[in-house]
Structures are given as structure tokens and as C-alpha cells.
Amino acid sequence: MKHSEVAEVVQASRSAVTIFFIDDTEILPGQFLMVWAPGVGEIPISLSHLGKMKGITVKPYGKTSSSLCGLEEGDLLYYRGPYGRPFTLDSGRRLIIGGGTGLASLYSVINGESTVISSARSSDELLFRGKFKCRNNIEVTDDGSAGIRGFPVDALKTIDPDLYSVAYVCGPEMMMYSVYNYLRNFNLNLQFSMERMMKCGIGICDSCSMGGYQLCRDGPTFFKDEIPELVEFGKSRTTESGRRYSMK
Amino acid sequence: MPDISVRIADIKFQNPFLLASGILDENGYTIRRILNEGAGGAVTKSIGAEERTGYIPPVVVPLDDGLLNAVGLPNPGIDGFANEMKISLEAGKPVIGSVFASNADEFIKLCRKMENYGAHAVELNLSCPHVKGFGSEVGSDPDLVEEIVNSLKSEIKIPVFAKLSPNVTDIIRIAEAAGKCDAFVLINTVRGMAIDIAARKPVLSNRVGGLSGHAVKPVGIRAVWDVFENFDKPIFGVGGIENVQDAVEYIMAGAGALQIGTAVYSHGRGIFSKISTELASYMEKEGFNSIEEMRGLAHR
Ligand SMILES: Cc1cc2nc3c(=O)[nH]c(=O)nc-3n(C[C@H](O)[C@H](O)[C@H](O)COP(=O)(O)O)c2cc1C
Ligand code: FES
């Protein structure tokens, strides 16, 4: 297991924090780490900040993420990786669509000409508010406390997707499923970062698989023409035990 | 072209390389894909009577020459696995249902269900090293093993394979107890542990796990060798196989077919088709026409 000293912890929304640490290995946008809270647990987290100073953005959700959110400057961060297939960076205008902490894995892909559609349950849960490299940001909240009330698809209806060469998408699965079903009819390229439970991160346990592909290894990023092969996407998933349930 | 197909307990495998139990075989779509991509057959994740979530991660520790794991036998329970079996069998290749239980009655119930689901054989996990009350705790008790295997053989029509643990003093004694099975599967993982010295804590949440991968190959070779010397029964060799030399080594020790687990992670799912092609060229070059011709060669 690698470890690095936490250099800084910065609030990224009301409850999410970005934990910065120095690690000069090359990590690419879309890749993730398996982050360990000793004695508590290990979870996959994608990098929100790349470069010499790396950052992961975490929201307290279960035991492990809550424990990580309690880290302070000078504490040690334990992890292995990076793992996963990175995003391919297309030139041209980028449409960035992030739901909840899903936006963290897209943050490093945002450039000056991008448009960011950021969504969350409410305004105080919107990630990285006012901290985007680009000027165009459409906010969407479930409760209407900021921006458009509704879901990212409602924001998409206010723009012309074909003004963009590619959309990068990450968020809760049903949100991504609706975005996919809307955007697949347009010409722009799509790259989705899929989300499933990951126990091993290295392609051995089968907990993250979709349609026979391992998200931790073949993904988590997938292109437009690969998504139809992920036959379980938006339809069914398996629990920690491997029990399948329908998502509809 | 040499023939790389094998027949074990009357089941025909297009090539001798099966997916080992517990590696990418919990989700039916994954099993189906691995079979379609070139595995000769697949053994499912070990399934029990009740749903189990398994251990909290970390469940794996990647090492230079292998892997330490304690996943804790997560499984949906036998009833929850019916649909995954159905999807797996769509590939039209042999699927072997791995099961674990703590006594003969429970094993019978599980194996009957696997039989009804269409499994071509069952594999008894008598060897998982890191779950209390199951696996090697059952598999190191010769009387219990004998009772389980004998009663299954009278209750179940499909072949019964016994997967044994290397974590016993005398593997021959256990193999003897399982003597009525249709084939032996050797070996499961070797008990081990890892500590992170910066955190000053064991890495696996279960602390103890099982070592697999290239590092355990000599342990597997030795188990196959010993069992081949003492029994006239088919053997699946498993433990650290990642290239054609490893495969041939197991075959020469006495294995009639092979299973691959950890190398699916270190080499990707493509390993099955790659190693099959390599085996065919190796046999062609060395003048072997069938796997049977090579089997146990090192004993002569
Ligand atoms: C992550 C993991 C999970 C495993 N789960 C099971 C299991 O459920 N049942 C079983 O009989 N063996 C299980 N095994 C053991 C393997 O089937 C195999 O016997 C062992 O890993 C040695 O082969 P290898 O070196 O090719 O991996 C597991 C191994 C690994 C690495
Ligand atoms: S997390 Fe284990 S296979 Fe992907």
C-alpha cells in the first residue's frame, strides 16, 4: 500500500471535501485509487485534481468515506493504484455532465471552452461551485434551490449538444442512463465514467462488472459505441453478495 | 494440428483451460463473456445455502508474484444464483457449479440445485482458507470429507469434483477420504497474511487470507504430483498458471485439465485464448498429439 501525507483539506461542497496530497506518479483523468482507511475499509475514489499535487474529493456516505473526510493536514492517506482506463481527451468543445460527487472525476477534464452541467440534490451539495476553469456552468438541483429544478436532461434540453464535440458524463447510474438515452441521438462523442460497487479494483472479484466487462479495468470510462454492450447498464445490478436486482 | 481438447468425467472441454472458482464468476454475464472469449469451461464462484455479503474491503493485496485475498465467500445464496447459471450456460460450454457447506446434507441440497440449474458437474469447495466453519475447516477433517463425498455420489447424477486445500499436513489422507469423487481439483490458496508497516495493521479486513498466483505454483505442482502417484483419477491442476510452460509443468506432474484464476487479473481475460494457442504450438513443436500423451510424463 502506498501512502502520502495529506497536504491540505478543502471544502468542496457543504459536506464533501477535497483531500490534497503530493504524489508525482502519473495519473490520468478518469483513473481512480483504492483508498484505505486502516481498520475501517477501502473504497474506490477517482482523482479530482491531477498534477504534482493530487486531490480526491469525498463525501461522507459510509464508514470509510466518513473516516476519510475526517483526515487532517499531516495525516497519512493510504491507497493503491492508479487503476482503470482513463478518459481520452478529445479536442474541441467539451460538455461536462456531473451528478453529485460524480463531477469529481470530470473536474480535471474541464477546460476553458467547456460547459459544465452540475447537478445535486440541493444548492449546498453542488460540487466546486464557482471553481470551474470555464465560464459556462448550468446548475441543476432536485429541489430547485439553485439553477434549473430537475435533472441534467432538463439542462440538456436548453442547449444544442451538437455544438460540442464530446460529452464527459459521471454520476448516479439512473441519471447517466437518462443522459445516455437523450444524447445518443446526437452526433457528439460520448465518454461515460460508470459507477458500480468495487471491492478489488483490479479485475478479479466481479463486483463491478457490467455485461461481462469489469469497470475497474475495462472502464470505468466507456465510449458511445461500447455502452450498448454493457447490457446491465440502467437495468440491473448486483449487491455486495452478488444478488441481482432490477433497477427499474 | 494437435488436439488440445480434453475429456474429464465424460465432460468434453474444447481446451484444457477453465476459469477457476472465485475469479470473475459471480455475475452470469461475466462468465458468459469469459467462455465466449476462449475459456474451455468455467467454475462458478462458490455458492452456499444462504446469502453472504463477504468481507469489507480490503479484500485483496496485490503482490509482486501473486495475490493475497480474503473476499469471504460473498454469494447470493443458491436460489439467487439460478439466473446467473442460466446466463452462463448460454455460452454453450461446460459450467461447473462450485458449492460450500458445513455438512453432507447441506452439500446435497446445494448440489441438487446446481444439477437442476444445468451445471455439468459440481466442485466441492473443501478448501477456502479464510471463512470460519467452511472450506478448509471442513476439508481438513477426513471423516467429514468421506461422508460428504460418499453421500453426494449416491444422491447426485452429475460428476462431483473435490477441491482440496494445500493447508493440511497430509493431502493424501484427505484425497483418500474424497476417494469416490470423479476428479480432484488441486489446489486452493495457501494461507497467508500481510501487514502494512506504516499503518502498523494487517491489510486485509479479515487479517488472514489466501495466497494465489505464480508464487504458489510449486505448492500446486507438488500436490498434483503426490495425488497422481497415489490415485488413478483425473486431476485439475490450479495454482499460478500464467503461461504455457506453467501449464505443461502441471500436465507433466499429472493434471489432465487446468484452471486459471489469478492470471486473469495479471494477464487479462484474453489469457484463455492466448494460452490455448500457445499450447497447440508447443505440442506441435514437441510432437505431442494430445494432452493425454503428456499427462504425468515426469513420473516415467
Ligand atoms: C479472489 C479469489 C477468490 C477465490 N474464491 C474462491 C472460491 O470462492 N472458491 C474456491 O474454491 N476457490 C476460490 N479461490 C481459489 C482459486 O480458485 C484458485 O484455487 C487459487 O487462486 C489458485 O489458482 P491461481 O493461482 O490461478 O489463482 C479464489 C481465489 C482468489 C484469488
Ligand atoms: S472491483 Fe473487483 S473486478 Fe472490478
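The structure is a predicted model, in which local features need pLDDT of at least 70 and side-chain atom pairs count only at pLDDT 80 or more, while totals for chains, interfaces and linings use all residues. Residues are numbered from 1 along each chain as its sequence is written, and chains are lettered from A and ligands numbered from 1 in the order in which they are written.

**Chain B as a whole**

Along the principal axes, the C-alpha atoms of chain B fill a box of roughly 50 × 50 × 40 Å. A compact globule of 300 residues would have a radius of gyration near 19 Å, and the 18 Å of chain B agrees with this. That radius is taken over C-alpha atoms, and the globule rule is 2.2 Å times the number of residues to the power 0.38.

Of the 300 residues of chain B, 59% count as buried. A residue is buried if 20 or more other C-beta atoms lie within 10 Å of its own, exposed if 12 or fewer, and partly exposed in between, with C-beta atoms placed from the backbone. Among contacts in chain B between residues at least 6 apart in sequence, 68% join residues at least 24 apart; two residues are in contact if their C-beta atoms, placed from the backbone, lie within 7 Å.

**Strand E7 of chain B**

Next, select residues 95-99 of chain B, which form strand E7. Five of the five residues of E7(B) are buried, so this strand is largely enclosed by the rest of the structure. B:Val95, B:Gly97 and B:Val99 point one way from the strand, and B:Ile96 and B:Ser98 the other way.

E4(B) pairs with E7(B) in the parallel sense over two bridges, and B:Ala42 has B:Val95 as its bridge partner. Strand E8 (residues 121-125) of chain B also runs parallel to E7(B), joined to it by four bridges. Here B:Gly97 stands opposite B:Val122.

**Helix H2 of chain B**

Select residues 82-89 of chain B, helix H2, where B:Glu84, B:Met85, B:Ser88 and B:Leu89 are buried. These residues cover an arc of only 130° around the axis, which puts them on the same side of H2(B); the arc is that of the directions from the helix axis to the C-beta atoms. The buried residues of H2(B) pack against helix H1 (28-36), strand E4 (41-43), strand E7 (95-99) and helix H3 (104-117) of chain B.

**The ligand site**

Centre the view on ligand 1. Which residues are closest to ligand 1? Of the 29 residues that surround it, the closest are B:Gly22, B:Ser46, B:Ser212, B:Gly261 and B:Thr262. Strand E6 (66-69) and helix H9 (262-267) of chain B are the elements that give two or more residues to this shell. Residues from chains A and B surround ligand 1, so the site is shared between chains. A residue is near a molecule or strand if its C-beta atom, placed from the backbone, lies within 6 Å of it.

By class, the shell has 13 nonpolar, 14 polar and two charged residues. Ala, Val, Leu, Ile, Met, Phe, Trp, Tyr, Cys and Pro count as nonpolar, Asp, Glu, Lys and Arg as charged, and the others, Gly among them, as polar.

From E6(B), step back to strand E5 (residues 60-63) of chain B: the two pair in the antiparallel sense over four bridges. A hairpin joins E5(B) to E6(B) through two residues, and the bridge partner of B:Leu63 is B:Gly66.

**The contact between the chains**

Now show both chains. The contact takes 28 residues from chain A and 34 residues from chain B. On the side of chain A that touches chain B, strand E4 (41-49) and strand E6 (76-83) of chain A each supply at least two residues. The largest share, three residues, comes from E6(A). This side of chain A has ten nonpolar, ten polar and eight charged residues.

**Strands of chain A**

The bridge partner of A:Lys2 is A:Tyr79. E1(A) also pairs in the antiparallel sense with strand E2 (residues 17-22) of chain A, over five bridges, and a hairpin of five residues joins E1(A) to E2(A).

Finally, select the open sheet of seven strands in chain A, ordered E10-E9-E8-E7-E11-E12-E15 with mixed pairing. Its edge strands, E10 (148-149) and E15 (221-223), each pair on one side only.

Definitions and conventions
Two strands pair if DSSP finds at least two bridges between them.
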